[in-house]
Amino acid sequence: MNNKNLEEIRKQILNTVQEFITREVKPIASKLDEKDSYPSSLIDQMAEMGLFGITIDEKYGGLGLDYSTYAMIFEELSKGWMSITGPIGTHSILSYAIQKYGTEDQKIKWLPKLASGEKRGGLALTEPGSGSDVASIKTEAKKQNGNYIINGNKLFITNGKNGDVFFLLAKTDPKIAPKHRGITGFIAEKGNGFTSGKDLNKMGYRGVDTTELIFQDYKINKENVLGKVEGQGFYQVMDALETGRINIAARAVGVATGAFESAIKYAQERKTFGKKISERQTIQNYLADMGTKIHAARLMTYDAAKKKDSGGRFDLESGMAKLFASEICREVTFDAMRIFGGYGFIKDLPIERYYRDAPLMIIGEGTSEIQRLIIARNLLKKYS
Ligand SMILES: Cc1cc2nc3c(=O)[nH]c(=O)nc-3n(C[C@H](O)[C@H](O)[C@H](O)COP(=O)(O)OP(=O)(O)OC[C@H]3O[C@@H](n4cnc5c(N)ncnc54)[C@H](O)[C@@H]3O)c2cc1C
């Protein structure tokens, strides 16, 4: 795709997404959030728009778009309701991993179905005993007659109930040192001893399923080892998570922008002591800081996406973007609530939803503390 075509397609898809948010999402988001209801019809419409295959190659049925467009789409969706990015978020990490590390047979088998949304995917790393410390997972895959039997539990898995197929990490060699070298990536489909468990009741990011996954003597064919190589799962996932960090940073920019746009409008309507609150310098200072933080976070997110588009690893830029965007999202959503006064605290307006959704971005795809470790490691290497 040449640059002119890409610009045109990007414009078209962003317009379509914006219309979808205004017409379909905003009117029902708060109600679905309150009831914690899965937004099936919205997700089906997103599949029709091709959003399950944004970065999947056209030859496998995807839109074949770049990560800059991917970031912009996640931002637009999150301005409306961040939860609807859930079903396509870790789904796109699985798709990325198959497209990059899968064999041609694996790509042909999975990518067209993932691109259309016929199969919905996710990422199964976290366990009850280990989240940040991925290398300490306990789920084990034992060889049996050339194939594998997997036992273990995963926790906090987005799309756990509604998803069909997951990028699963399991230990094929629990004794090897360092530990991460014993981890293998599987393309794991439900059935044969793989089920979902409890759907967790969350403070934000509601409507989307986040569940336990249970593997009880789960039989999986050796054809489902990602790339058909053992011991590569940790490296494959660390690479794939860089794209996940772009999507989380973009979600944070979107949520912060949604809250900011509501607050700046309200500030120009609400009067106290005979004047609009937007005429008060204190409120102007809040607005100025919020706008500046969002602008910086957006530039960092687009810069990380651009680095991805130009090839190679970019964990420094994606880590910085994810850390900064998620932290300013928490600050901006709080300040937006402050500007709304008492109205910011009640559920009639979406402002409290933005505030409850913001912390997920600090946790998902590596917490802020873990991003700082990654950033510092890269900076120390760069300046050694
Ligand atoms: C709504 C939701 C959806 C999620 N979706 C998925 C999913 O789809 N797939 C998936 O695999 N996981 C998913 N997760 C899990 C998420 O990735 C983990 O919760 C996250 O990585 C943190 O792991 P933990 O909860 O085990 O916290 P821990 O790793 O136990 O960390 C606890 C605290 O200690 C800090 N900490 C840990 N290690 C260090 C260190 N070395 N130095 C300094 N501080 C440290 C952490 O930053 C954190 O503040 C989801 C979580 C949530 C809440």
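**Exercise 1.** Work out how many residues of domain 1 are in contact with how many residues of domain 2, and which elements supply the touching side of domain 1.

*Solution.* Counting two residues as in contact if their C-beta atoms, placed from the backbone, lie within 7 Å, we find that 24 residues of domain 1 are in contact with 20 residues of domain 2. The elements giving two or more residues to this side of domain 1 are helix H1 (3-35), helix H4 (86-101) and helix H5 (104-116), where helices are DSSP runs (H or I, at least four residues) numbered from the N terminus. Of these, H4 gives the most, with ten residues.

The model is a predicted one, in which local features need pLDDT of at least 70 and side-chain atom pairs count only at pLDDT 80 or more, while totals for chains, interfaces and linings use all residues. Residues are numbered from 1 along each chain as its sequence is written.

**Exercise 2.** Determine which residues of helix H2 (residues 40-48) are buried, and where the exposed ones lie.

*Solution.* A residue is buried if 20 or more other C-beta atoms lie within 10 Å of its own, exposed if 12 or fewer, and partly exposed in between. By this count the buried residues of H2 are Leu42, Ile43 and Met46. Seen down the axis of H2, they fall within an arc of 95° (taken from the directions from the helix axis to the C-beta atoms), so they line one face of the helix. The face turned away from that buried side carries the exposed Ser40, Ser41, Asp44 and Glu48, whereas the cover over the buried residues includes H1 and H4.
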